[in-house]
Every structure is written in C-alpha cells, then in structure tokens.
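Open the model in your viewer and keep the selection panel at hand.

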Amino acid sequence: MKRTTFHLAMRETQQAMWSSRTQTVLLSVAIILGLAGPFGTDEVMRLLPRIFYWGVVCEVTFASGSFISLLGNRLKSYVRGPEMIFAAGVGLVIGVIIGAEVFAFNWAIFGISPTQAGYTLPLLLNIIVVSVIIRVAIFMAKHSKSGSMTTHDGDAIPDCKATVEPPLVGRLPYEKRGALISLSVNDHYVDVTTTKGTGMLLMRLADSIREAGDGFQVHRSHWVARDHIACVKRDGAKAVIRTSDGRDIPVSRTYLSVLKEAGFLP
C-alpha cells in the first residue's frame with residue numbers, strides 16, 4: 001500500500017471537509033440532533049452543549065468515514081473479488097472506526113466506559129450494520145446509473161455510454177465520474193474535472209491526456225475536452241477558454257494553432 005495513496009485520500013478528504021456544502025449539511029444535522037436529543041443526550045445535556053456535542057461527533061465521524069471510503073475507492077483495483085463484497089468490507093471498517101470514536105467521546109464526556117456490561121457490543125453492532133448498509137446502498141445506486149441492455153434471449157449487454165467512457169475517468173472515485181471537462185496540473189498531481197466534480201490523480205499530464213479522449217492541450221498545464229469548450233476569447237497574443245462549467249482556462253501562444261485548426265479561432 002503506497003504512501004501516496006494515503007496522501008491522495010487525505011487531500012480529497014480535506015477538500016470535502018472544507019466544502020461549504022459539506023459544512024452546511026453537517027451543521028444542519030448537528031442542530032437537528034441537538035434539538036432531538038437522541039440516545040438520552042437530552043437528559044444529560046443542555047441544548048447548546050448538546051448541539052456542540054453532536055457537531056463534533058458529526059465532523060469527526062464524517063471525516064474518518066470519508067477518508068476510509070476514498071481510500072477504499074483507490075485500493076479496490078488491487079483487490080480481486082465481487083465489488084459489492086468489497087464495498088461491504090469498507091463499510092465494516094468504517095463502522096468499527098466510527099464506533100471507536102463514539103466510545104471515546106462517550107467515555108470522555110459522559111464517563112461511560114466501553115467495558116460497561118451491555119453497552120459496547122449492541123452499540124457497535126448497530127453502527128457497523130448501518131455503515132455496511134449505507135456503503136452497499138451507495139455502491140448499488142452508483143452502479144444502477146450505468147445500467148445495461150438485454151437481448152431478446154435475456155443476455156445482458158453493456159450500456160453504450162459505459163463503453164465510451166475515457167479510461168482516465170475510470171481512475172476516479174465513483175462519485176466524481178462524469179463527462180470529462182478538463183485536466184490541470186496541481187503540483188505532482190493532475191486535477192481531473194468532470195461534470196460530477198474534481199478529483200486528483202497522481203500521474204503526469206502527458207499520461208493523463210493519453211487516457212482523456214477527444215480534446216486539446218492548450219497550455220503546458222492544461223487540457224480541455226472538445227465538447228466542453230463553451231467559447232474562446234483572444235487575449236492579446238494568447239487566448240482564454242470558457243468551459244461548460246463556467247471556468248476560464250488560459251491558452252498559451254504555443255497552442256493557439258491547435259485551436260485555429262479545430263475552428264475555435266479565426
């Protein structure tokens with residue numbers, strides 16, 4: 001297991017945690033749980049401390065769960081066997097880790113020891129079962145989108161869309177797989193932007209372009225898919241591409257001829 005795999009999963013987890021959407025959702029969940037006071041927290045804590053408690057629990061468990069999930073997505077290519085079983089295994093690991101975190105919180109805040117009779121095993125089993133179910137459900141939901149067609153004999157044949165997906169997209173986590181928009185160098189990584197978001201891959205830009213499909217390298221650090229060039233504007237001796245998701249990507253003078261030959265510039 002390479003150190004870079006952990007590093008990349010950690011960076012993606014940090015990106016997810018810093019997302020305003022993620023923080024809004026976590027804050028909302030913490031407030032709802034704080035008001036509801038489940039698991040007896042309404043009996044031992046006042047409202048504000050209760051919201052704070054659930055906020056910390058949500059932040060920590062979401063971060064650890066996301067990290068293990070992202071790590072699992074990157075390690076699944078090294079594991080043989082049914083992908084659903086692998087997804088369930090990832091859910092099991094997430095459940096064990098989250099369970100340990102919950103036990104630590106409850107021990108530190110409420111003084112409930114994990115060795116207390118009738119406490120640890122039922123709670124841990126509940127957490128593991130929920131984690132496995134959620135992970136398998138996510139796996140099935142993502143795979144159901146690709147779908148399949150059947151012949152008159154009932155044999156499944158691959159969906160046409162799945163067969164034309166650029167190999168590079170297949171390297172991304174499932175939740176980031178979509179129509180490829182652009183590639184950009186980011187230190188030793190390549191930011192791969194699709195219609196589902198941006199993921200980082202540890203590879204050279206030249207290697208990623210070979211797996212990207214139809215598009216153009218427009219800068220030593222950027223590549224853009226042909227179908228996602230909304231417009232191209234001249235900027236002196238250079239140019240700027242507006243992508244379908246509204247971003248501006250610079251075009252260096254060296255690559256202007258590429259866009260001219262493709263008909264994007266006069």
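Start with residues 189-194, strand β4. β4 pairs with β5 in the antiparallel sense, over five bridges. Strands here are DSSP runs (E, at least two residues), and helices are H or I runs of at least four, numbered from the N terminus. Two strands pair if DSSP finds at least two bridges between them.

Before going on: this is a predicted model, with pLDDT of at least 70 needed for local features and 80 or more for side-chain atom pairs, while totals for chains, interfaces and linings use all residues. Residues are numbered from 1 along each chain as its sequence is written, and side-chain values use heavy atoms, without hydrogens and water.

Next, pick threonine 194. Glycine 197 in β5 stands opposite.

Now show the whole sheet. It is open, has five strands in the order β5-β4-β3-β7-β6, and pairs antiparallel.

Second stop. How many cavities of 30 Å³ or more does a search of the whole structure find? One. A cavity is a set of points, on a 1 Å grid over the protein atoms alone, where a 1.4 Å probe fits but cannot get out; lining residues have an atom within 4 Å of a point.

Then colour α4 (47-75), α5 (83-110) and α6 (120-146), which each supply at least two lining residues.

Terms used
On a 1 Å grid over the protein atoms alone, a cavity is a set of points where a 1.4 Å probe fits but cannot get out, and a pocket is an open set with protein on both sides within 12 Å along at least five of seven lines; lining residues have an atom within 4 Å of a point. Grid points are joined across faces, edges and corners, and a volume is the space filled by probe spheres set on the points.
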